[in-house]
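Try each one before reading its solution.

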Amino acid sequence: MDIEQLKKEIARIEADAQTEIDRTETVDALRGLETRLVGKKGPLGSLIGAIKEYPPEQRGQVGQTVNAAKGRVQALVETRLRQLRSAASEAEARKVAQFDPTLPGPVEPMGAVHPVTAVQWEIERIFERMGFTVEQGPEMEEEYNNFEALNIPATHPARDMQDTFWLTNGKVLRTHTSPVQHRAMIKFGAPLRIIAPGRCFRYETLDASHENTFHQVEGLMVDKNISIPNLIAMAKTLLTEVMKREVEVRVRPGFFPFVEPGIEIDMNCEICGGSGCATCKHSGWIEILPAGMVHPNVLRAGRIDPEEYTGFAFGLGLTRLAMMKYGIRDIRVLNAGDIRPIVSPRRLGGPIVSEA
Amino acid sequence: MHISLDWISDYLDLPKGLDPHDLAERFTRTSAEVEEVSCVDVGAKGLIAARVLSYEPIAERANLRKATLDVGGNQTVETVSAAPILYEGVSVVYAPPGASTAKTGQISATKVAGVDSVGMILPGEAVGIRMAVLEAVFLNDSVEPGTELDPELFNDWLIEVDNKSLTHRPDMWGHYGVAREMAAILGVPLKPYPIAPLEEIQAGGQPKIAIDIEDALACRRYSGIRLEGVPTKPAPLWMQLRLGRAGMRPISALVDLTNYIMADLGQPMHAFDADKVTRIEVGWARDGERFTTLDGVERTLTDNTLMIKCADKPIALAGVMGGLETEVIDSTTTLLLESANFDAATVRRTAGRLGLRTDASARFEKSLDPVHTALSIQRFVHLARPIFPNLKIASPLSDNFPGSYDPVQVTIKPNHVARTVGKEMSTEEITRILKPLGFAVKKTDELLRVDVPSFRATGDVSIEEDVIEEIARYVGYGAIPPAMPQVTVRDFEPNKLHDLEKDALNYFVNAERFVEIYGYLWYDTPWIAQIGLEPGDCVELRNPAAEGLQRLRKTLVPGLLDAVGKNRFHFPAFALIEQGSVFDKNEAGDEETRRLSLVKARRGKVEGELFAELKGAVERFAWHEFAQPTEFVAATPNPDHPWERDPRTTEVRVGGSVIGRLGVIDLDLRRAMDEHLIAWGAVWAELNMQKLLAVEHLTEPMGKIPPHPLVEMDFSFVVDTSTHYRDVASQLASFEHHLLRRISYVGAYEGKSVEKGKRSLTFRTVLGETSRTLVDEETNAFRAEFDKYIRSCGYGTR
């Protein structure tokens with residue numbers, strides 16, 4: 001084959017390659033074709049393989065000519081490759097458009113704990129992190145534990161504030177979770193750190209904001225040198241974590257027979273932010289955490305030496321807190337058994353699209 | 001307690017421009033909670049005094065009268081009044097035409113009930129006396145008709161303090177005690193209490209009143225004085241207005257004076273007609289004795305009722321209310337004024353037993369300062385002098401003080417102050433806080449000796465911590481920087497019941513999608529009757545919230561059934577859980593235990609499915625919690641429990657012990673609950689947490705991944721529905737084969753393609769050899785062998 005024949009042959013190979021390349025439909029097929037066209041065993045490769053048949057002075061020209069053709073074939077492949085890739089992405093785009101990642105999963109009802117339980121667990125977690133242990137006491141309590149052990153003798157005016165459910169067996173339905181303070185002191189001795197969530201009962205007429213059955217959580221910490229600054233720090237931590245916001249507190253004197261000094265810790269109103277609204281009775285503050293330093297008589301009743309140890313205690317209205325947190329306006333729905341006002345519509349049905 | 005700032009300003013100089021809201025906020029932060037601050041602005045314009053010359057009824061209008069008034073300047077007018085009481089010759093607060101108040105608007109001449117009416121005799125309410133809605137306001141004779149009344153007299157600021165926050169503070173049940181706190185808050189001096197000198201009340205003509213006290217613990221002190229020259233007349237207008245704003249009804253100068261002192265110093269007083277009461281005996285009533293109180297009610301006494309008597313005849317319920325017979329009336333010429341100190345618990349008990357809570361008993365219940373008895377008589381005389389120019393002390397102060405007063409002294413350690421408030425405080429700082437509150441501080445060595453004033457020493461302040469509270473609240477709780485405690489780390493024994501309850505609830509809610517509800521602790525009698533529950537002996541309430549709510553629950557199931565009825569309107573299917581206490585009446589002592597109960601309800605003929613689902617949920621829970629299998633064993637129904645009537649009632653056993661029961665709510669019960677539930681299925685389960693607590697937690701064995709692949713092969717066969725799974729399982733369990741690794745249950749089927757009365761069961765076998773991969777021949781041989789075994793057990797193929 002002389003040079004001219006070679007050039008013609010190359011032109012034919014190129015034309016065939018063009019046809020074949022244009023016919024390819026996939027990237028993989030194109031890659032296979034490319035290997036075939038420009039590989040050693042391909043038509044161009046065999047031309048190079050035959051280079052020894054030319055006189056030495058022509059071999060350079062033959063090599064250049066064939067390599068140039070190889071470059072052109074590869075360029076054709078690249079062009080087709082770009083075409084195929086853009087076509088593939090169009091098909092991909094069509095597929096992507098049909099795929100709806102926003103479509104919700106199948107609708108199934110979810111379970112739910114009672115809102116008060118949810119808040120209780122949240123508080124337990126906060127305190128367990130700080131080394132408190134969770135204690136419970138019975139709902140049917142000894143009169144002594146509910147009153148006398150907490151420095152509330154029979155003649156104490158504070159018994160006016162306790163509207164008690166009495167049982168015919170002489171016991172009471174506990175009016176607060178504070179009896180657990182006494183039980184824990186006897187059980188563990190000092191130092192100790194407990195919280196006691198639980199159900200309490202008071203003889204009250206039911207209305208939107210009064211229930212005879214409600215939840216509190218008692219907190220008690222006894223150690224050497226426990227102080228009011230400690231109590232305030234704990235209260236701030238608690239409220240900030242529960243409300244999930246930087247809570248401002250107002251601390252003012254309060255009277256409870258089992259603490260001395262007794263304080264009331266208020267937080268700035270969640271609803272109005274402190275400017276005054278119906279929820280906070282236009283004061284800007286919500287009464288949330290009655291507390292104080294454990295009265296020496298309570299420590300003594302719990303067989304702890306008040307000379308050696310001091311402690312603080314608080315009683316948080318869990319029910320009230322849950323109502324505030326979940327925007328429940330009528331306390332009576334909490335014990336009524338109808339689940340609609342105590343479980344979010346999302347848990348009972350599908351994802352919410354709009355709500356009025 | 002309504003605190004009048006006008007009244008307070010008698011005792012301290014309120015700073016100019018003081019915002020009452022600011023004062024109230026500081027009072028809340030330092031002393032006691034303020035509930036409301038309100039401005040009393042009567043808006044009085046042009047009110048004058050007018051004298052009633054005569055009045056006559058208006059035909060057919062029983063509530064109205066036509067009065068002729070002297071309005072000064074020799075003018076008379078006729079006006080129609082709704083005041084229920086008028087006297088000829090008495091002066092009243094009158095609004096002539098053109099005058100106005102915020103409540104009434106501008107007054108004009110008009111016609112009322114067809115009668116010309118010029119101006120208006122103002123009712124108390126219009127000038128801030130809340131309790132006097134219709135009653136006229138009577139004025140002292142010394143006010144001449146036509147005299148203009150100072151409009152400022154009617155205006156005030158009221159600070160309402162929460163009574164509950166004053167439970168321990170008898171001193172703050174009067175304006176002077178509140179003024180002391182406010183003076184300390186504002187840093188201004190408290191003025192001395194204006195009283196007549198003691199010598200003045202100790203002097204007098206007749207012999208002293210005899211006062212006998214039977215029980216010095218019940219009556220610590222009794223002071224009395226006899227006064228003459230106290231005719232019935234109205235109190236000065238300012239006094240009536242202050243009383244009115246404090247929420248009391250002005251009556252007459254004498255009654256108003258005792259009420260005024262009660263609201264001023266916190267000391268209740270009582271006036272007897274001295275013509276009828278010649279001596280005072282304080283002692284216990286006789287059981288069953290009868291006594292008529294001032295309000296006209298005859299009451300039966302008990303032997304723990306403390307009485308004031310005269311010649312052994314009861315004349316007053318000590319500290320609660322006087323008697324009708326010895327009441328001061330218009331014809332009384334001499335009165336015997338009582339100012340006494342009664343035991344708080346005694347008064348409380350009497351007031352509680354008789355359901356007679358009065359302003360006086362409310363104060364005695366707080367333990368009053370015995371020093372105040374004589375002081376309030378001094379105050380009475382001081383206030384009465386200008387009102388009764390002819391006032392004469394007929395018998396000097398008679399004072400029986402058997403209890404005597406022991407001053408209270410408290411020692412405080414400065415490091416205890418620091419420990420509580422979080423900072424060191426000097427003796428000077430402490431003294432600066434305590435002195436304005438009436439405490440005296442003396443430093444001895446490292447200790448501070450604090451003398452507690454008598455008005456704080458009746459229980460309120462008796463130990464070091466009480467004094468530290470005084471210091472802390474005046475340092476200001478807001479000024480105490482928070483600091484996290486330094487504590488000792490301790491390992492507490494775990495609260496297993498709490499952990500179990502939390503785990504269980506978490507499991508049923510999150511894995512089995514139950515919704516938690518709370519129910520009341522007591523049975524509702526009509527409801528348990530409706531569902532046919534025989535409650536048997538229950539722990540009972542002495543004072544139930546309402547009739548029929550006296551029995552404490554012994555099971556949570558009735559409450560859950562009630563909730564089924566409430567939710568069936570809104571959901572076609574639901575699952576509910578409750579955890580709570582139940583109560584059992586026991587010879588050895590009534591017992592409280594914890595339960596976890598479940599119900600599942602769904603519309604349709606689905607009770608069989610529900611029963612299986614609930615069993616599955618309980619079974620999975622038991623595995624989750626204890627890694628132990630659950631057994632369900634047919635149980636003998638409790639005939640008292642209507643939810644156990646269905647024969648499918650089972651006992652739930654884990655680890656060999658019975659931990660609860662589970663069953664189907666039958667048609668009769670569903671119908672009894674709510675007839676719509678006929679078309680539903682419903683199942684229940686109740687687990688006993690104390691029993692669950694005793695179940696051993698095993699370690700869950702994990703699957704081993706063998707080096708060579710395992711082969712799974714399922715086998716289905718048909719058994720009579722009367723053949724129990726447990727028996728089939730134990731049959732299969734006894735099959736032995738060297739390749740067999742495990743047999744597990746896959747499912748059961750009844751319905752199409754299975755003969756009626758039969759049930760298809762499917763089990764999965766797992767085959768393997770530790771050293772090599774199995775070949776088809778081996779597995780086929782196993783299949784043939786196992787099939788043969790199944791047939792040999794009498795189970796059929798499908």
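**Exercise 1.** Which residue in the turn of the hairpin formed by E4(B) and E5(B) has a positive phi?

Solution. Start with the ground rules: this is a predicted model, where local features need pLDDT of at least 70, side-chain atom pairs count only at pLDDT 80 or more, and totals for chains, interfaces and linings use all residues. Residues are numbered from 1 along each chain as its sequence is written, while chains are lettered from A and ligands numbered from 1 in the order in which they are written.

Next, find strand E4 (residues 61-70) and strand E5 (residues 76-81) of chain B, which run antiparallel and are joined by 6 bridges. Strands are DSSP runs of E, at least two residues, and helices are runs of H or I, at least four, numbered from the N terminus; two strands pair if DSSP finds at least two bridges between them. Asp70(B) has Thr76(B) in E5(B) as its bridge partner. Finally, look at the 5 residues between the strands: Gly72(B) has a positive phi of about 90 degrees.

**Exercise 2.** Find which element gives the most to the side of chain B that touches chain A.

Solution. First, the contact (C-beta atoms, placed from the backbone, within 7 Å) takes 68 residues from chain B and 62 residues from chain A. Elements giving two or more residues on the chain B side include helix H2 (20-30), helix H12 (464-475) and strand E29 (573-584). H12(B) gives the most, with 6 residues.

**Exercise 3.** How far apart are the C-alpha centres of domain 1 and domain 2 of chain A?

Solution. Locate domain 1 (3-97) and domain 2 (115-347) of chain A, with bounds from an automatic or database domain assignment. Their C-alpha centres lie 85 Å apart.

Conventions: Contact = placed C-beta atoms within 7 Å.
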